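Please look over the chain displayed below before reading the report that follows.

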Amino acid sequence: MALFDLPLDQLRGYRSTSAEPEDFDAFWAKTLQEARQYDLEPRFEPVETHLKTVKVYDVTFAGFGGHPVKGWLTLPAWANAPLPAVVEFIGYGGGRGLPHTHLLWASAGFAHFVMDTRGQGSGWGGGDTPDPVGSAPAYPGFMTRGVEDPESYYYRRLFTDGVRAVEAARAHPLTDSARVAAVGTSQGGGIAIAVGGLVPDLAAVAPDVPFLCDFPRATTLTDRDPYREIGKYLKTNRGRTEQVQRTLSYFDGVHFATRGSAPALFSAALEDQTCPPSTVFAAFNAWANADKTIEVYNFNDHEGGGPFQQAAQLRWLPDRLR
């Protein structure tokens, strides 16, 4: 696929037309206050992995609604004092999988907390966290579950889980609560942006080809799922466009980005039809902290930089987590 979005010089100045709800902050303050009425109750159970260089814990904590959310905490085997922590969120359709698939950050000397994604994990990776909340009729996938109202929308639960995952990671005695980064690719990058806007004291945020940004442009520019799920829902549910757009505005990464107080490392791929580069730049350009960088992969689709972006993160993150 050749380049299909704006030229790079225009991307660097692009701004989203997404309208922020007047009660955006109040909505999220209320959501997190309700979640924190439930005891976090983080549990860390050692797992036998037959790996010699890391220690792994099966994690359970209370997310949105007090619902149990799973995760893995992986530590270097030599860890005996608090380490800077990387909290990672997972791409669309995936789950936390098996512990030995998450070795990069512990191998680099960090504590690594990967959050399972409620209701997902059947597309790849394997998940262990159900979503006990139902919704009105939705198009298959997750993008339109409860999309009639911000209170019932699926990503309200998932973003809240992300904030609680940071709190759970900080609760372990071998993590340094003052040095925590949020990272993720695609959907995971979108969650990292949301968490970066909702948790004011993160040390760094690294969204890789992030999803869930600039909904007005994304839903009309690409015909590739998952964004296309929204169009397919509205194709059947005629007349609900304004209602759905209002709901999505509470979850648009652009609005979380304007509250992003941590240094940030983004990435975008110029042939990415899943998360078009203009939608990524919309969030990057809106990011509040001036200490921000974006890696651009000119001839890549949604795979983005892959291991090259991981290498960039390995170079960039240590300075932010000192």
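How many helices and strands does the chain have?

## Overall fold

In this predicted model, the chain has eleven helices and nine strands. Its radius of gyration is 18 Å, close to the 20 Å that the globule rule gives for 322 residues, so the chain is as compact as a globular protein of that length. Along its principal axes, the C-alpha trace spans about 55 × 40 × 35 Å.

Buried residues make up 58% of the 322 residues, and the accessible surface comes to about 12900 Å², with 52% of that area belonging to carbon and sulfur atoms. Among contacts with a separation of 6 or more, 75% are accounted for by residues 24 or more positions apart.

## Helix 2 against helix 4

The axes of helix 2 (residues 24–35) and helix 4 (residues 154–171) come within 10 Å and cross at roughly 65°, and this crossing is right-handed. Helix 2 contributes Phe27, Trp28, Lys30, Thr31, Leu32, Glu34 and Ala35 to the contact, while helix 4 contributes Tyr155, Arg156, Phe159, Thr160, Val163 and Arg164. By class, the contact has seven nonpolar, two polar and four charged residues.

Val209 lies in the loop between strand 7 (204–208) and helix 6 (215–221). Is Val209 buried or exposed? With a relative accessible area of 1%, under the 20% cut-off, Val209 is buried.

Leaving aside residues up to four places away in sequence, Val209 touches Thr185, Ser186, Ser267, Ala268, Ala269, Asp272, Cys275, Val280, His302 and Gly304. The C-alpha atoms of Val209 and Trp105, which are 104 residues apart along the chain, are separated by 19 Å.

Technical notes. Residues are numbered from 1 along each chain as its sequence is written. This is a predicted model: local features need pLDDT of at least 70, side-chain atom pairs count only at pLDDT 80 or more; totals for chains, interfaces and linings use all residues. Side-chain values use heavy atoms; hydrogens and water are left out. Axes are lines fitted to C-alpha atoms, for helices over the stretch in contact, and angles run from 0 to 180 degrees between N-to-C directions. Helices (H or I, at least four residues) and strands (E, at least two) are DSSP runs, numbered from the N terminus. A crossing is left-handed if the near helix is turned anticlockwise from the far one by less than a right angle, and right-handed if clockwise. Contact means heavy atoms within 4.5 Å. Ala, Val, Leu, Ile, Met, Phe, Trp, Tyr, Cys and Pro count as nonpolar, Asp, Glu, Lys and Arg as charged, and the others, Gly among them, as polar. Buried means under 20% relative accessible area, exposed over 50%, partly exposed in between (1.4 Å probe, protein chains only). The radius of gyration is taken over C-alpha atoms; the globule rule is 2.2 Å times the number of residues to the power 0.38. Accessible areas come from the Shrake-Rupley method with a 1.4 Å probe; for residues, only the protein chains shown count as cover.
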